[in-house]
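Subject: Handover of a structure for your review

Dear colleague,

Please find below the structure that I am passing on to you. A summary of the findings follows it, and I would be grateful if you read the two side by side.

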Amino acid sequence: LSLQDVRNMISIGVPKADAFYMASQTPASFLHVEGGKIIPGVRAEILCLDENNMPLVTILGNEAAKYE
């Protein structure tokens, strides 16, 4: 799922935490990969958003990319 899909779910009343869970944990479970969780030893891809759900920073492993 894309960030726009998450925004769409939030706009129709899906709680923010549930929308992000559906966008991360559900696909990972479907693909049988260890994803959608932040735990030691597992590669993480983290997207940090502002209060309007716009991207601020993406963290991939040990690298961070800031949005302007």
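In which segment is the place of Ser2? Ser2 is in the segment before α1, the helix that covers residues 3-11. Please bear in mind throughout that the model is predicted. From the C-alpha of Ser2 to that of Lys16 the distance in space is 14 Å, and the two residues are 14 apart in sequence.

The overall layout is as follows. The chain contains 2 helices and 3 strands, arranged along the sequence in the pattern α-α-β-β-β. Along the principal axes, its C-alpha atoms fill a box of roughly 35 × 35 × 15 Å. The chain has 68 residues, of which 15% count as buried. Among contacts with a separation of 6 or more, 17% are between residues 24 or more positions apart.

I turn next to the helices. The axis of α1 comes within 9 Å of the axis of α2 (residues 16-30), and the two cross at roughly 145 degrees. This crossing of α1 and α2 is right-handed. On the α1 side the contact is made by Leu3, Val6, Met9 and Ile10, while α2 contributes Lys16, Ala19, Phe20, Met22 and Ala23. By type, the residues of this contact between α1 and α2 comprise 8 nonpolar, 1 charged and no polar.

The strands remain to be described. Strand β1 (residues 45-49) and strand β2 (residues 55-60) run antiparallel and are joined by 5 bridges. Leu49 has Pro55 of β2 as its bridge partner. Between β1 and β2, which form a hairpin, there are 5 residues, and Asn53 in the turn has a positive phi of about 60 degrees.

β2 is also joined to strand β3 (residues 63-66) by 4 bridges, and these two strands run antiparallel. Here the bridge partner of Val57 is Lys66 in β3. The hairpin of β2 and β3 has 2 residues between the strands, and Gly61 takes a positive phi near 65 degrees there.

Yours sincerely,
A colleague

Notes: Residues are numbered from 1 along each chain as its sequence is written. This is a predicted model: local features need pLDDT of at least 70, side-chain atom pairs count only at pLDDT 80 or more; totals for chains, interfaces and linings use all residues. Side-chain values use heavy atoms; hydrogens and water are left out. Axes are lines fitted to C-alpha atoms, for helices over the stretch in contact, and angles run from 0 to 180 degrees between N-to-C directions. A crossing is left-handed if the near helix is turned anticlockwise from the far one by less than a right angle, and right-handed if clockwise. Contact means heavy atoms within 4.5 Å. Ala, Val, Leu, Ile, Met, Phe, Trp, Tyr, Cys and Pro count as nonpolar, Asp, Glu, Lys and Arg as charged, and the others, Gly among them, as polar. Two strands pair if DSSP finds at least two bridges between them. Buried means under 20% relative accessible area, exposed over 50%, partly exposed in between (1.4 Å probe, protein chains only).
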